[in-house]
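Below is a briefing on selected secondary-structure features, grouped by topic.

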Amino acid sequence: MSDPSKIVPQKEISTCFHCGEDCKDEILHFDGKEFCCTGCQLVYEVLNENDLCNYYDIAENPGLSQKDLSKRDNRFDYLDDADVIKKLVDFQNGAETHITFNIPLIHCASCIWLLENLHKLHEGVVSGRVDFIKKKVQVKFLQDKISLKDLVKLLSRIGYEPTINLADTDKKQVQSMDKKLITKLAVAGFCFGNMMLFSLPEYFSEAELLGQGFKKTFNYLNVLLALPVFFYSATDYYRSAWLSVRNKAVNMDVPIAIGIVTLFTYSLYDIFILGNEGYMDTLGGLLFFLLIGKYYQQKTYDTLSFDRDYKSYFPIAVTRLVKDEEEVIPLIKLNVGDIIRVRNSELIPSDSILLDGEAFIDYSFVTGEEVPVSKKKGELIYAGGRQKGKAITLAVQKSPSQGYLTDLWNNESFDKDKNHGLESLANKISGKFTFTVLMIALLSLLFWIWAGNTSLGVLAFTSVLIITCPCALAMSTPFTLGNTLRVFGQGKLYLKNAQVIEKLAKIDTVVFDKTGTLTAPSEAKVQYFGEPLSAESKSLIKAIVNQSTHALSNRINTWLEGIRAVSLTGEVEEFTGKGLRTNYKSQEIKLGSADFVGADSSGLPNGGNLVFFAVEDFVLGYFFIQSGLRKGVDQLVDAVQKEKEVHFLSGDQDHERQNLKRVFGDNIQMSFNQGPSDKLQYIKSLNASGKNTLMIGDGLNDAGALRESSIGIAVTDKVTNFSPASDAIMDAGMLYKLPKFLDFTKTSRSIIKASFGLSFTYNTVGVFFAVQGLVSPVFCAILMPISSISVVLFTTLTTNYIAHKRGLKEKIW
Amino acid sequence: MEVIFILIAISLILAGTFLFLFFRAMKGGQFEDNHTPAIRILFDNEPKTKDKKVPSTKLK
């Protein structure tokens with residue numbers, strides 16, 4: 001049943017053939033189909049001419065509305081610049097160019113089909129290949145037939161405009177790390193499997209049956225297969241151990257490296273000198289299991305980016321005015337004193353003074369507040385805001401990298417690696433562990449020499465080193481953390497890497513950004529003051545705000561939920577940044593700012609937005625709209641407060657202090673009027689006083705604080721959207737689960753400790769036999785996998801079971 | 001029993017070939033995107049003729 005209030009009794013609604021949206025303002029008829037705007041129609045025309053209408057058959061209404069797109073012809077002119085081209089392309093030779101575009105609009109099978117059939121649209125395009133998950137398309141084209149600029153224009157003409165931003169021009173390659181690990185793992189797995197096959201007959205005395213020749217061959221083959229394991233797969237451990245020893249510390253990789261080297265050299269001696277079977281299969285298995293653990297820990301989220309700075313947000317080019325002539329230049333070439341023009345939905349690239357035009361700046365990416373701010377001529381506008389409305393002219397005051405916001409990235413905390421000396425559990429114990437093992441080995445050697453049996457002493461010495469090689473010990477951390485990482489991922493808290501978990505467990509101070517993090521636009525608090533609204537007025541207002549997409553209109557619309565909209569006879573005119581106007585029953589109705597309706601706003605509450613309602617220039621009342629707190633935030637703060645210190649940081653004035661105090665109590669330290677650098681300094685001073693800080697923020701203005709804190713979590717309504725560089729990205733809807741997540745990090749630590757206990761038990765058993773010189777290759781080949789696998793099973797089972805019990809996971813598996 | 005020497009050689013060569021093929025596939029980027037090919041394979045090779053007042057319903 002449809003809700004009668006939701007039916008808007010207007011003219012018949014038809015949907016656009018291209019994008020499937022309702023044709024609200026106009027309906028264009030073309031080729032027997034209906035379109036909502038000229039943009040959509042143009043895309044259809046292009047596709048139709050080139051016989052590519054298959055696009056519309058693969059998915060229903062695959063296009064995206066072309067209404068709000070900038071249609072300026074010269075906006076891609078910067079793509080003629082040779083420097084820019086060189087930085088953007090992946091590969092270029094005399095004839096062909098390869099380039100990878102980021103196209104966030106890719107969303108369905110039709111998109112893939114169309115973008116992979118680009119060669120049918122233009123003969124200069126050789127091929128296109130889409131990566132759907134990463135929303136990227138790699139295009140190969142002949143630069144003599146189509147220039148990069150024309151290619152981008154072509155893409156934008158068919159509705160797939162690539163986003164090209166400043167970060168694209170200085171690419172970094174980080175992916176190869178992962179591939180190398182897989183290669184090493186594959187080599188270790190291959191060698192381990194084959195060595196196991198050659199060693200099995202030995203364990204069952206079958207080799208005797210086959211005769212001496214076979215036994216020797218198998219052993220030599222094992223040596224051969226152990227070479228790639230020892231010289232290739234294990235190299236990371238030597239390097240890490242060496243680095244750690246040089247820094248006069250002992251990390252987990254030191255005992256591992258000692259174990260590997262002893263295993264290998266002793267096995268060589270055993271096979272070639274003594275003619276025995278050696279421990280090569282154990283060596284292969286050891287590396288194989290260790291590398292699996294390493295790989296499991298490196299869970300990455302392809303679609304997320306944890307390293308974004310302002311560069312991935314800022315445009316690559318800007319329109320400069322020189323003697324009233326427009327020219328498009330790359331942003332890097334922008335100088336102080338230049339006059340620039342910024343159009344609707346374009347970004348202000350640097351701190352500048354408004355020269356001309358009406359500025360309504362949307363700072364939602366910077367502060368999290370989505371209601372545009374109006375600026376007057378001569379006022380300074382900070383970089384990072386987006387202009388809503390007509391074009392404005394600005395005089396550049398600071399270079400793009402030196403502004404109020406971007407200056408953050410020049411702070412020293414962005415240069416150093418984020419490492420606050422928090423040692424992982426495994427590294428902490430490995431020093432003592434290595435020392436103890438060496439002591440036991442030496443003592444048993446001395447004991448046997450004293451007893452007059454030097455060869456048994458050497459055997460006992462090497463056996464202890466081999467058997468205590470901390471395979472199980474080394475695996476407890478990666479598997480526990482890897483599992484925790486996955487549990488958190490299912491709970492929509494995406495961590496950059498596994499180290500974050502151990503650091504989270506140590507947090508004692510939590511700092512929240514207010515706007516956009518604790519408060520959310522969608523939870524707006526709307527109050528009405530003035531003459532009571534009649535039912536008719538309410539439905540009239542509902543009908544008016546229905547026609548507008550402005551943030552405040554949406555909030556009033558939500559407030560009037562359930563009210564039936566009246567049918568309007570006249571048009572609703574929207575004056576950007578001012579308000580809405582219409583005629584109803586031959587009366588002029590206005591809804592908007594004080595200036596717009598002619599009201600006097602002095603003495604009215606501030607700390608929110610005011611929307612006045614006026615009929616025939618008589619002000620009936622006003623709406624007072626504040627962004628409200630997210631659901632569950634009060635319980636969240638309460639829960640966190642029990643164990644940790646809580647701070648609030650806000651860029652706003654402190655008029656809400658009382659309000660917040662009422663909700664959250666007096667124990668919270670609140671600071672207002674905090675600019676981007678103030679937030680960074682605030683965290684810095686907390687750190688200096690010995691606190692382990694967790695910063696939770698959302699906008700670019702929190703980037704410094706997120707970076708400086710031990711752990712920074714970026715909160716976002718849509719995880720694939722823009723979020724500033726951080727250690728973790730969290731879905732805003734899951735914020736209420738934060739205490740549970742924090743608690744679980746401690747549980748992870750306990751699980752790691754418990755599995756340490758388990759592997760110590762194995763080691764004690766092993767050492768008991770090793771000091772007596774009783775360790776044989778068979779013994780090793782059995783004890784080693786059992787200990788590793790049981791530790792893996794233990795950590796995986798307990799982590800998932802506890803996560804399930806705590807409600808962090810729906811199913812255990 | 002000497003035939004085992006030959007079998008061992010064959011098994012090693014076979015396993016080595018698989019390892020090599022795996023490396024080649026990885027280098028070629030076969031494991032980088034495992035979503036798009038699943039969609040790509042469903043596209044018809046030739047777009048149908050221009051006459052399509054009726055949206056195509058897949059009969060096969």
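The crossing of helices α16(A) and α26(A) is right-handed (right-handed if the near helix is turned clockwise from the far one by less than a right angle, left-handed if anticlockwise). This is a predicted model, in which local features need pLDDT of at least 70, side-chain atom pairs count only at pLDDT 80 or more, and totals for chains, interfaces and linings use all residues. Residues are numbered from 1 along each chain as its sequence is written, with chains lettered from A and ligands numbered from 1 in the order in which they are written.

**Helix pair**

- The axes of α16 (residues 471-490) and α26 (residues 738-770) of chain A come within 9 Å and cross at roughly 155 degrees; axes are lines fitted to C-alpha atoms, for helices over the stretch in contact, and angles run from 0 to 180 degrees between N-to-C directions.
- α16(A) and α26(A) are therefore roughly antiparallel (over 145 degrees; under 35 is roughly parallel, 65 to 115 roughly perpendicular and the rest oblique).
- On α16(A), the contact residues include A472(A), L473(A), T480(A) and F488(A), and on α26(A) they include F741(A), F744(A), I751(A) and Y762(A); contact requires C-beta atoms, placed from the backbone, within 7 Å.
- Helices (H or I, at least four residues) and strands (E, at least two) are DSSP runs, numbered from the N terminus.

**Seven-stranded sheet**

- Seven strands of chain A form an open sheet with mixed pairing, in the order β16-β28-β27-β26-β17-β24-β25; strands pair if DSSP finds at least two bridges between them.
- Its edge strands, each pairing on one side only, are β16 (493-495) and β25 (669-671) of chain A.
- From one strand to the next, the twist averages 20 degrees.
- β17 (residues 509-513) and β26 (residues 693-697) of chain A pair in the parallel sense over four bridges, and T509(A) has T693(A) as its bridge partner in β26(A).
- Helix α24 (residues 676-688) of chain A lies across β17, β24 (645-649), β25 and β26, at about 160 degrees to β26(A).

**Six-stranded sheet**

- A further open sheet in chain A has six strands with antiparallel pairing, ordered β8-β7-β9-β15-β10-β13.
- β8 (325-330) and β13 (380-381) of chain A are the edge strands.
- β7 (residues 317-322) of chain A pairs with β8(A) in the antiparallel sense over six bridges, and V318(A) stands opposite I329(A).

Definitions and conventions. Two residues are in contact if their C-beta atoms, placed from the backbone, lie within 7 Å.
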